[in-house]
Structure formats: C-alpha cells, structure tokens
Amino acid sequence: MPRTVSIITAMLYGAAVLCGQAPTKPAHPAHAVTAQHAASKGSLTNPASLKEQAPAVFKAKFTTTQGDFVVEVTRAWAPLGADRFYNLVKNHYFDGAPFFRVLPGFMAQFGISAKPEINAVWNSASIKDDPVTQSNTRGMLSFATAGPNTRTTQVFINYADNSNLNGMGFSPFGKVVEGMEVVDKFYSGYGEGAPQGNGPSQDRLQKEGKAYFDKEFPKLDAIKSAVIVP
C-alpha cells in the first residue's frame, strides 16, 4: 500500500498523490545484505545500529545539483523524527539521492537511497509517530508515511502552507533556514510519480537506484552530500 496524503492532494490536484512508498522486499537476492554486514556497528546496512539521540537543536547542510540549503532541526518538535533524520544525515544515507517527486505549490520529496541494497534494509525500518506540534508551512520538513507508525526515510519539504496535512499526522521536525530559493529550483517537469503521473516509479527507484533515474529521468536534481553542521 503506497503512502498517501489523499485528502489534501485531492483538493489540490483532483487525485490521490503518493507521499511515500510502502515497504517492499528486495527484488533480487543480490540486494540482500549479508548477516556479517548487517551485524556491523553503526552501519547504514544495519538500521537498528543507528539509534543516536539528536542534539536539542542542530543544522544539516545539503549540497545539491542546484546549490546548498540548510535545515535546522528542533528535536522537541518531533523527537523520533529528529533522531531518525539526524542518524540518516550523519551516516550519509541521503548522499546521491534524487528529489524524485517535485510538485510546484505543494512539496519536494526525497529520501530513497541511490543504492538498492540500502533501500532493501531500510524499507521496513519504521519509527513510531510523533505528535504534531508544528504546522506544515512553507520550508518545513516532515516524514512521508504509509499510515500510522510507518515513517522510514522519505522526507518532504513544504513549498506552501500545507497546514491541512497537520490533522493527518504529518509532524514537522525541522525547517529550511538557508537556501529555500535553491529548493524552489528543483526540477519539476516530470510531474507526479507513476502510476498517477509520468514521473519516477518509487518502487523501481527503490529496487534499481541511481541507474534507474540516471537513464530514465536524467533531469532530476539530486543531493551531492548532506552533513551535520558542526
């Protein structure tokens, strides 16, 4: 079952819009991670090992194909989401990942790894929901969901006042504090993702990674690197 924000997107676009991808099993044994790797400490191949608590407030710098932007995270807003985001950035999960779903006036979504073997182990690494304490206004970041307690790695940046999402459980954990003009430039020409539109299939992106979007969606903007700002 795909992750949806059907009420608000029906209002905006006249159809349900995917806001994430339900956990899927790896398409091929080659995508499986060996037990030896999974047991390694602090490894992206072992989500359970990345449980560090985030600082009360921290910043993350994203270097992208359009330039840089900085996110400031306030842990008190959504502690579980902030901790997950902190661990993903600190361990370079987002490096190379595309902004695969960019809808002007709504949001820019990212968080599927460019590496299929990484997606394979994170698809089911869900965290529980946080109470919604902030509003999904322009520049705010929230995790995509597939329903209650299904947040994994996909994040979206609000382009507009999407406060309608607040009542659906999308809990903002941070905000773009520098470079929102960069976020506004992300390529949106492919539109909504498959099967609702002609954009990337999240399922194929998870299973095929960088090879898929490089070949079929070469105009997508991507994250070159994401780091915690000292």
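**Cores, sheet and aromatic pairs**

Among the 38 residues of the largest nonpolar core, F62, F69, F85, F94, W122 and F186 touch the most other members. Helix α3 gives the most to this core, with five residues. A second, separate core has nine residues, including F100, Y190, Y212 and F217. The model is predicted. In soluble globular proteins, nonpolar side chains tend to be buried together.

F186 has contacts well beyond its own stretch of chain. Leaving aside residues up to four places away in sequence, F186 touches T64, Q66, F69, F99, V102, A108, Y159 and D221.

The sheet comes next. Eight strands form an open sheet, and the pairing is antiparallel. The strand order is β5-β6-β8-β7-β9-β4-β3-β12. Strands β5 (101-103) and β12 (223-228) stand at the edges. Each has a single partner strand, so one side of each is left without a neighbour in the sheet. From one strand to the next, the twist averages 25 degrees.

Helix α3 (residues 79-90) packs on this sheet. The helix touches β3 (57-64), β4, β7 (140-143), β8 (155-158) and β12. The direction of α3 makes about 45 degrees with that of β3.

Strands β4 (residues 67-74) and β9 (residues 174-178) run antiparallel and are joined by four bridges. Within this pair, V70 stands opposite E178 of β9. Strand β7 pairs with β9 over two bridges, in the antiparallel sense. Here M140 stands opposite K175 in β9. Strand β7 also pairs with β8 in the antiparallel sense, over three bridges. In that pairing F143 stands opposite V155 in β8.

In a regular strand the side chains alternate between the two faces of the sheet. In β7, M140 and S142 point one way, while L141 and F143 point the other way. All four of these β7 residues are buried.

Helix α3 has twelve residues. From its first C-alpha to its last, α3 reaches 16 Å, close to the 16 Å expected at 1.5 Å a residue. Nine of the twelve residues are buried, so α3 is largely enclosed by the rest of the structure. The buried residues are G81, A82, D83, R84, F85, Y86, N87, L88 and V89. They pack against β3, β4, α4 (116-122), β7, β8 and β12. Just after α3, H92 takes a positive phi of about 65 degrees.

In one of them, Y93 and W122 lie 5.9 Å apart, centre to centre, with 65 degrees between the planes. This pair is edge-to-face. Y93 sits in the loop between α3 and β5, and W122 in helix α4. The pair links distant parts of the chain, 29 residues apart. Both Y93 and W122 are buried.

Y190 and F217 form another pair. Their ring centres are 4.9 Å apart and their planes stand at 90 degrees, so the pair is edge-to-face. Y190 belongs to the loop between α5 (180-183) and β10 (193-194), and F217 to the loop between α7 (210-216) and β12. These residues are 27 apart, and the pair links distant parts of the chain. Both Y190 and F217 are buried.

One aromatic cluster is formed by F62, F69, F85, Y93, F94, F99, F110, W122, F143, F173 and F186.

How values were computed:
Residues are numbered from 1 along each chain as its sequence is written. This is a predicted model: local features need pLDDT of at least 70, side-chain atom pairs count only at pLDDT 80 or more; totals for chains, interfaces and linings use all residues. Side-chain values use heavy atoms; hydrogens and water are left out. Two strands pair if DSSP finds at least two bridges between them. Axes are lines fitted to C-alpha atoms, for helices over the stretch in contact, and angles run from 0 to 180 degrees between N-to-C directions. Contact means heavy atoms within 4.5 Å. Buried means under 20% relative accessible area, exposed over 50%, partly exposed in between (1.4 Å probe, protein chains only). A nonpolar core is a set of buried Ala, Val, Leu, Ile, Met, Phe, Trp, Tyr and Cys residues joined through side-chain atoms within 4.5 Å. The expected span of a helix is 1.5 Å times one less than its number of residues. Rings of Phe, Tyr and Trp (its six-membered ring) pair if their centres lie within 6.5 Å; planes under 30 degrees apart count as stacked, over 60 as edge-to-face and the rest as tilted.
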